[in-house]
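This briefing concerns the structure shown below.

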Amino acid sequence: MKSFLQGFLISASNPKVILFYIAFLPTFIDLTTLASRDMVLVVGLTFVSLMAGLMLVASGASSARRFLQTKRAMKGANRSAGTLMVAAGAFLIAKG
């Protein structure tokens with residue numbers, strides 16, 4: 001539970017996340033008309049969505065860790081990442 005809470009606090013205090021919610025929420029919710037009950041609901045939904053996102057990342061990292069334990073798998077992952085970076089660079093050059 002301590003690690004869970006620590007992960008949430010790190011994510012919630014991330015300046016990019018804070019800026020996202022400051023820019024995103026007023027688009028859909030009039031913050032001047034929120035009652036305290038509504039604010040609790042917004043905070044609760046934010047908490048649930050951040051936790052779902054963090055759990056998805058943790059699950060993906062766990063799967064990747066199991067997959068990348070062999071030298072052959074790491075070599076393939078490195079080559080794939082390198083290929084993607086070269087392709088992205090080529091795309092940018094062709095676009096510009």
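In this predicted model, the 14 residues of helix α2 should span 20 Å at 1.5 Å a residue, and the end C-alpha atoms of α2 are 21 Å apart, which agrees.

- The buried residues of α2 are three: V17, Y21 and L25.
- These residues cover an arc of only 50° around the axis, which puts them on the same side of α2.
- An α-helix has 3.6 residues a turn, so residues three or four places apart point the same way.
- The other side of α2 carries exposed residues, namely P15, K16, L19, I22, A23 and T27.
- Cover for the buried residues of α2 comes from elements including α1 (2–12) and α3.

**The nonpolar core**

- Which residues form the largest nonpolar core? The core has 7 residues: F8, V17, Y21, L25, V42, L50 and M51.
- In soluble globular proteins, nonpolar side chains tend to be buried together.
- V42, a member of this core, touches L25, I29 and L34 when residues up to four places away in sequence are not counted.

**The chain as a whole**

- The protein chain has 4 helices and 0 strands, and from the N terminus on its elements run α-α-α-α.
- The radius of gyration of the protein chain is 20 Å, well over the 12 Å that the globule rule gives for 96 residues, so the chain is more spread out than a compact globule.
- Along the principal axes, the C-alpha atoms of the chain fill a box of roughly 55 × 45 × 15 Å.
- Of the 96 residues in the protein chain, 10% are buried.
- The accessible surface of the chain is about 8,100 Å², and carbon and sulfur atoms account for 72% of this surface.

**The position of S59**

- S59 lies in helix α3, which comprises residues 36–67.
- Is S59 buried, partly exposed or exposed? The relative accessibility of S59 is 43%, and S59 therefore counts as partly exposed, since that class lies between the cut-offs of 20% and 50%.
- S59 and R37 are 22 residues apart along the chain, and their C-alpha atoms are separated by 33 Å.

Terms used:
Residues are numbered from 1 along each chain as its sequence is written. This is a predicted model: local features need pLDDT of at least 70, side-chain atom pairs count only at pLDDT 80 or more; totals for chains, interfaces and linings use all residues. Side-chain values use heavy atoms; hydrogens and water are left out. Helices (H or I, at least four residues) and strands (E, at least two) are DSSP runs, numbered from the N terminus. The radius of gyration is taken over C-alpha atoms; the globule rule is 2.2 Å times the number of residues to the power 0.38. Buried means under 20% relative accessible area, exposed over 50%, partly exposed in between (1.4 Å probe, protein chains only). Accessible areas come from the Shrake-Rupley method with a 1.4 Å probe; for residues, only the protein chains shown count as cover. A nonpolar core is a set of buried Ala, Val, Leu, Ile, Met, Phe, Trp, Tyr and Cys residues joined through side-chain atoms within 4.5 Å. Contact means heavy atoms within 4.5 Å. The expected span of a helix is 1.5 Å times one less than its number of residues. The arc is that of the directions from the helix axis to the C-beta atoms.
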